[in-house]
Amino acid sequence: MGNDLNQDVASDGRDEGLVVGLDAGGTRTRALLAPASAEQAAPVLGEGAGGPGNALTVPSAQLVEHLVEALSAAVPASARGGVVAVAAGFAGATSASPDDPGSVRARTALTAALDRLGIPAGHLGVWSDIEAAFASAPGTPADGLALVAGTGAVAMRVTGRRATTTVDGDGWLLGDEGSGFWIGRGAVRAALRMADGRGPATLLAHMVGLALELPGECLPDDPWSEAGRETYRMHLLPAVMAEPPIRLARFAPLVAEAARQHDTVAGALLDQAAAHLADTVRALRPRPDERIVATGGLLGPDGPVTSRLNTLVPALDWVPDGCQGAVALARLDHGHHL
């Protein structure tokens, strides 16, 4: 920010103070600076982004750097002394268990980042990224259900703004059913099944091959010879195995595109993903008219699973991320309402 804007931010926060909300997820960290006023129309005064913020998987030193990157862009130097509360939603942390490893690492890293930038810790709240996303819904709800479906998948019951019950979120190896990883893995499996003759023809075989930059001569052909099928498998498997398993999530958009082209295998994958997510929500035993807040790339207005899921569960309140919720939680904390 320029000097004039720095002065404006400092002036805006001079009387009532400023709050910072952070959404530290598995892909990136976002930070917002806002007035401490609880008015819904209060403007965002600054924003910044940094690298991944999962408190369990990102090394501590790297986590501090990602937080510093996001905070330094969101909070001009001239305004840092006016910060009265900070709330952060971290993947891998929870407000319900402040002594668990993720929460301890999150608080330690956030404290170090604030100290480095000269931002007073003041009221410092550490939440899960899902709790922050739930609070991002209009009205900052205190109770209801939250569903996250992006790279991973998890649902939670939130009571008094704190997660009390969790369904799935068990990671790519053991769970996350219906997630982007689950769909992406299904795309590669469908491609392999077509190649070895166990499954039907699908556009996904060609799409996955192109995405992995396989040689053109081994991509599916009509007719696809046995030698071509074997060559495809010989190239595809090493290319997939060379990357971390979670990278399979990058093939989820291919499934959405294939489904738009009326590929029955891709459409069935999305139907199954929606059914898994619906089961995850139902396990929380939603009460009639209970609010369900949803976030994650699979569930946005144009998400590939949204329309399918809406036929299986009550209407979802979608939010883009937990930044606005973290700001709301910081304001509530500053007002001693938590």
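Mentor: The protein chain holds twelve helices and ten strands, where helices (H or I, at least four residues) and strands (E, at least two) are DSSP runs numbered from the N terminus. Its radius of gyration is 22 Å, close to the 20 Å that the globule rule gives for 338 residues, so the chain is as compact as a globular protein of that length; the radius is taken over C-alpha atoms, and the rule is 2.2 Å times the number of residues to the power 0.38. This is a predicted model, in which local features need pLDDT of at least 70 and side-chain atom pairs count only at pLDDT 80 or more, while totals for chains, interfaces and linings use all residues. Residues are numbered from 1 along each chain as its sequence is written, and side-chain values use heavy atoms, with hydrogens and water left out.

Along the principal axes, the C-alpha atoms fill a box of roughly 75 × 45 × 35 Å. Of the 338 residues, 52% count as buried, buried meaning under 20% relative accessible area, exposed over 50% and partly exposed in between (1.4 Å probe, protein chains only). Among contacts with a separation of 6 or more, 67% join residues 24 or more positions apart; contact means heavy atoms within 4.5 Å.

Now the helix. Helix α10 covers residues 264-282, 19 residues in all, and reaches 27 Å from its first C-alpha to its last, close to the 27 Å expected at 1.5 Å a residue; the expected span is 1.5 Å times one less than the number of residues. At its start, a side-chain oxygen of Asp-263 comes to within 3.2 Å of the backbone nitrogen of Val-265. That is a polar contact, a pair of N or O atoms within 3.5 Å; within protein, one must be able to donate a hydrogen and the other to accept it, and residues adjacent in sequence count only if both atoms are side-chain atoms. Val-265 is itself buried, and the buried residues of α10 also include Leu-269, Leu-270, Ala-273, Ala-274, Leu-277 and Val-281. An α-helix has 3.6 residues a turn, so residues three or four places apart point the same way.

The loop between α10 and β9 (292-295) contains Arg-285. Phi of Arg-285 is near 55°, a positive value in a residue other than glycine, and at 71% relative accessibility Arg-285 is exposed. Asp-289 lies in that loop between α10 and β9 as well. Its phi is near 65°, again positive in a residue other than glycine, and Asp-289 is exposed, with a relative accessible area of 85%.

Elsewhere, the peptide bond from Asp-222 to Pro-223 is cis, with omega near 5°. Pro-223 sits in the loop between α7 (203-211) and α8 (226-241).

Last, the rings. There are two aromatic pairs; rings of Phe, Tyr and Trp (its six-membered ring) pair if their centres lie within 6.5 Å, and planes under 30 degrees apart count as stacked, over 60 as edge-to-face and the rest as tilted. Trp-172 and Phe-181 form a tilted pair, 5.9 Å centre to centre with 55° between the planes. Trp-172 is partly exposed at 35% relative accessibility, whereas Phe-181 is buried at 3%. The centres of Trp-224 and Tyr-232 are 5.2 Å apart and their planes at 85°, so that pair is edge-to-face. Trp-224 is buried at 10%, and Tyr-232 is buried at 0%.
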